[in-house]
Amino acid sequence: MAERTLLRAVLDQRGWASWPVFEMHFGDAARRVAERTAAAPMSISQATFKRWLSGERDPRSLAGVVLEEMLGVETELLFRPAPSHDVVLPRPLGLSERAAALALDARWGNSLLFPTSPAAGVDGSWRMDGLGLFDGTAIAVQAYQGIALTDDLVGIGGEDHAHLRSFTRPLRPALVLAALHAPAGTGLYATDAAHVRRQLTLDRPGDALPIPAAYRLDDLTYGLTWALTNLDEGLCADDAALRAGAADLDAQLARPLTAVARAALPGLSSVGATWLGSRHCARHTARRLPADPDTLAFWHRECRGEESAARLFFRHGVLAEGLRRTGGRAVAAHCLPEAAVKDSPGFERLLLFASIALTESHGVPTWVCTEPEYSQVDEFTLVPGRRAVVGNWLRTPDVCQVDVTDRKAALRTYADAVDHARAHTVATGTTPVARLRALVDYLDLDWPWAIRRARELSEYGLADMLRPRSRLLTLSQADRVLAFLGKLDPDV
């Protein structure tokens, strides 16, 4: 007796092993192939179908293409022996839904998406490269045919739940995508695999798995996904080294001046070095701020969204501590050179906007100058007329460089930088909404769209879409800024 082929196993699993049912699905696939190739739709005889089931004959030429279209598996693999264990294959996406998945790579140049399984038991992957600071990463991903449920929900139907369970069972970072083609628009909607796994523990056969329509992939959600995925992967990979490195740096906190060379931490990822440097700078600053400053001025060095992602997702930071000590009396300044803005894709500019909006959400007015020479100013926290605490962790040859000074000349230099940003800010206005509205124009973003999308996401939160595994990351800051922006007027 001939060995059972993967083709036979797949057809048995889907209930397509009878000739009438097979003929119907094969004909549908043949028409889709004909639309793409401008060839006439082909058909096969029942005798050929039986030979295929018995493994006596491999399909040739166009017949093999149609079979791959129908089942989503390479023809060569279909006629090999079936695995001894159960294999659950995903349903092939329709042509429009597949196009929506592949369009991601055209929209975002650092994205490379393989949305469906090319072979039995092999999941798809989504590669998201860094733009300079991030190391780049890839996450497991699987796309399914989406269905419209309500105005604010899409879903994945019950016929895909068997494969959903198979895909989400492994405890790994992964995303589930619903590919939807509808009159209202074609798109991809993302949710975290761990959330899907929890949802599927509720045994509701036939019910669609709901996904908020707010989780549609666009510049905002892609930027958040790209940033958190890269940070999470880098920190998880370096977890042991970061624990040891943090302890070593904590032992140096008593020193007012420290520079930690990158070569002292070989093998550490760029993300790991960023976390370690920013953490040490935050602790150094908190340790050296006076107990009762009248006011504080923060100068941030982030020029791009990739750099500002740290403030959105890292747990540590000096802003909250500074506000606690001053009772909320603080200002902040940035330098965003025009060249850096023009060189940043839209999703990265949205991250930069979100990080500045996060500062504004704490009641801290933020000024933004554009002269390139100010992008080289140290990152500092200034107690006017008393002390400046320096903590550089971006665009330095070292992991971090920290210092503290009360020299009048240095204090004057730092105060002049803040005064310059205030006098020449592109984020003009006396209210948070006025400053942010002006900043959006400078960053060439769409204010009404950004505010509406922030509101939609804030109504659901990010926890079911993105799930950091690292203990060093949090979604609370990103959720805070989405809620803050969502309350603003999109028609201002």
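These are legends for a set of close-up views of a predicted model.

A note on the numbers: residues are counted from 1 along each chain as its sequence is written. Because this is a predicted model, local features need pLDDT of at least 70 and side-chain atom pairs count only at pLDDT 80 or more, while totals for chains, interfaces and linings use all residues, and side-chain values use heavy atoms, with hydrogens and water left out.

**Figure 1. The whole protein, before zooming in.** The model holds 19 helices and 14 strands (DSSP runs numbered from the N terminus, with helices being H or I of at least four residues and strands E of at least two). Its C-alpha trace spans about 95 × 50 × 40 Å along the principal axes. Of the 492 residues, 54% are buried (buried is under 20% relative accessible area, exposed is over 50%, and partly exposed is in between, with a 1.4 Å probe and protein chains only). Take the contacts with a separation of 6 or more, and 76% of them join residues 24 or more positions apart (a contact means heavy atoms within 4.5 Å).

**Figure 2. A look into the largest pocket.** This pocket holds about 490 Å³ of space. Of its 28 lining residues, Arg311, His316, Gly317, Val318 and Leu319 sit closest to the centre. A pocket here is an open set of points on a 1 Å grid over the protein atoms alone, where a 1.4 Å probe fits, with protein on both sides within 12 Å along at least five of seven lines; lining residues have an atom within 4 Å of a point. Grid points are joined across faces, edges and corners, and the volume is the space filled by probe spheres set on the points. Helix α11 (270-288) is among the elements that supply at least two lining residues each, as are β9 (296-300), α12 (305-313) and β13 (387-392). The biggest share comes from α11, with four residues. Sorted by class, the lining has 14 nonpolar, ten polar and four charged residues (Ala, Val, Leu, Ile, Met, Phe, Trp, Tyr, Cys and Pro count as nonpolar, Asp, Glu, Lys and Arg as charged, and the others, Gly among them, as polar).

Figure 3. Phe313 and the largest nonpolar core. The core contains 101 residues, and those with the most contacts inside it are Trp126, Phe313, Leu436 and Leu485. Helix α15 gives the most to this core, with nine residues. Another core, of 24 residues, lies apart from it and includes Leu6, Phe22, Ala29 and Ala63. A nonpolar core is a set of buried Ala, Val, Leu, Ile, Met, Phe, Trp, Tyr and Cys residues joined through side-chain atoms within 4.5 Å. Helix α7 and its buried face. Along α7 (residues 161-168), His161, His163, Leu164, Phe167 and Thr168 are buried. Looking down the axis of α7, these buried residues fall within an arc of 155°, so they line one face of the helix (the arc is that of the directions from the helix axis to the C-beta atoms). Their cover includes β3 (137-150), β4 (153-156), β5 (174-180), α8 (193-200) and β7 (209-212).

**Figure 4. His334 in its strand.** His334 belongs to strand β10 (residues 330-335). His334 is buried, with a relative accessible area of 0%. Residues up to four places away in sequence aside, His334 touches His300, Glu302, Arg311, Ile356, Thr366, Trp367, Val368 and Cys369.

Figure 5. Ile451 is found in helix α18 (residues 447-460), and at 0% relative accessibility it counts as buried. Its C-alpha atom is separated by 6.9 Å from that of Leu488, 37 residues apart along the chain. Not counting residues up to four places away in sequence, Ile451 touches Leu485, Gly486, Leu488, Asp489 and Pro490. Thr48 lies in helix α3 (residues 46-54) and is buried, with a relative accessible area of 10%. The C-alpha atoms of Thr48 and Asp58, ten residues apart along the chain, are separated by 9.6 Å.

Figure 6. Most residues other than glycine have a negative phi. Arg395 has a positive phi, near 55°; it sits in the loop between β13 and β14 (398-405) and is partly exposed, with a relative accessible area of 36%. Asp444 also has a positive phi, near 55°. Asp444 is in the loop between α17 (432-442) and α18, and at 63% relative accessibility Asp444 counts as exposed.
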